[in-house]
Amino acid sequence: SSSSPEIADVDADGYVRFKARGEAAIIAHYLDLVANVRLTHLVEVPGFAKARLLLSGLVLGMRRSDQNDRLADVLPIVPTAGRSFTPSARVTAFLRVYQGGKGALLPVQIRVRIVDASSQNVVDDATTLEPARFQSERFADYSLDLPLSRLGAGDYLLTFEAIAQKNSARRDVRFQVTTQDLLKRHSPNS
């Protein structure tokens, strides 16, 4: 249960959902045990609501097999800290595009590039996120399945660039394609 249901409530499965900025004590009961924790929720990051175009962090991971997973709405992939993948791996890059302010939503041009260690573009694609794709909270999700099977072994830089009129944002992440399975290479039996 919650000490402040107007700030946060707890559903039947025990998940906490914040409704507003503030602090709430969450109390859990199990048999004769009781535990509590105080949670603080900040709705806005300073400057975020005013910035015209922002990108979340760039996350690499695998697509969720269960779309009923409660975290699928928050992050539709299962993130990995790994940055080295085999050509057969199925890795998705994900980010969220935000349009701050209160003005009309704009089309956002997304350019995705993958550059190899010799600075050659091996992928250079562009698409447009139309205003209708943005949620009421002024964000749109964008994901790309990395074409690992088309890339040779080596180091790569993945870049997402977003442009809406005169505003731009960029996110980069390095990754590696390896021909060896890292788990086998580091196992004690190899």
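Colleague: Let's begin with Ser 56. What does the side chain of Ser 56 reach?
Modeller: The side chain of Ser 56 comes to 2.8 Å from the backbone nitrogen of Arg 96. Bear in mind that this is a predicted model.

Colleague: Where does Ser 56 lie?
Modeller: Ser 56 is in the loop that runs between strand S5 (54-55) and strand S6 (59-63).

Colleague: Buried or exposed?
Modeller: Ser 56 counts as buried, because its relative accessibility is 17% and the cut-off for buried is under 20%.

Colleague: And which residues is Ser 56 in contact with, leaving aside neighbours within four places in sequence?
Modeller: Those are Leu 95, Arg 96, Tyr 98 and Arg 171.

Colleague: OK, on to Thr 92. What polar contact does the side chain of Thr 92 make?
Modeller: The side chain of Thr 92 pairs with the side chain of Asp 145 in a polar contact of 2.7 Å. Thr 92 lies in strand S9 (residues 92-98), and it counts as buried at 2% relative accessibility. Leaving aside neighbours within four places in sequence, Thr 92 has contacts that include Val 59, Leu 60, Ile 77 and Ser 143.

Colleague: Switching to sheets. In what order do the strands of the open sheet come?
Modeller: The open sheet has 5 strands in the order S8-S14-S13-S10-S11, with mixed pairing. Its edge strands are S8 (84-85) and S11 (121-129), each pairing on one side only.

Colleague: How many bridges join S10 and S13?
Modeller: There are 8 bridges, and strand S10 (residues 108-116) runs antiparallel to strand S13 (residues 154-164). Gln 109, for instance, has Ile 163 in S13 as its bridge partner.

Colleague: Which salt bridge does Glu 161 form?
Modeller: Glu 161 forms one with Arg 113, with the closest N and O atoms 3.7 Å apart. This pair links distant parts of the chain, as Glu 161 is in strand S13 and Arg 113 is in strand S10, 48 residues apart. Glu 161 is partly exposed at 22% relative accessible area, while Arg 113 counts as buried at 16%.

Colleague: How many salt bridges does the structure hold?
Modeller: The structure holds 5. One of them joins Asp 124 and Arg 111, whose closest N and O atoms are 2.7 Å apart. Asp 124 is partly exposed at 38% relative accessible area, and Arg 111 counts as partly exposed at 34%.

Colleague: Last topic: which residues form the nonpolar patch on the surface?
Modeller: Tyr 30, Leu 31 and Leu 33 form the patch, with about 410 Å² of accessible area together. Leu 33 belongs to strand S4 (residues 33-41) and counts as exposed at 54% relative accessibility.

Colleague: What about Leu 31? What phi does Leu 31 take?
Modeller: Leu 31 takes a positive phi near 50° in the hairpin of S3 and S4, which has 2 residues between the strands. Strand S3 (residues 22-30) pairs with S4 in the antiparallel sense over 9 bridges, and the bridge partner of Ala 24 in S4 is Leu 39.

Conventions:
Residues are numbered from 1 along each chain as its sequence is written. This is a predicted model: local features need pLDDT of at least 70, side-chain atom pairs count only at pLDDT 80 or more; totals for chains, interfaces and linings use all residues. Side-chain values use heavy atoms; hydrogens and water are left out. Two strands pair if DSSP finds at least two bridges between them. Helices (H or I, at least four residues) and strands (E, at least two) are DSSP runs, numbered from the N terminus. Patches are made of residues with over 30% relative accessible area and no salt bridge: like charges are joined within 9 Å, nonpolar side chains (Val, Leu, Ile, Met, Phe, Trp, Tyr) within 5 Å. Accessible areas come from the Shrake-Rupley method with a 1.4 Å probe; for residues, only the protein chains shown count as cover. A salt bridge is a side-chain nitrogen of Lys or Arg within 4 Å of a carboxyl oxygen of Asp or Glu. Buried means under 20% relative accessible area, exposed over 50%, partly exposed in between (1.4 Å probe, protein chains only). A polar contact is a pair of N or O atoms within 3.5 Å; within protein, one must be able to donate a hydrogen and the other to accept it, and residues adjacent in sequence count only if both atoms are side-chain atoms. Contact means heavy atoms within 4.5 Å.
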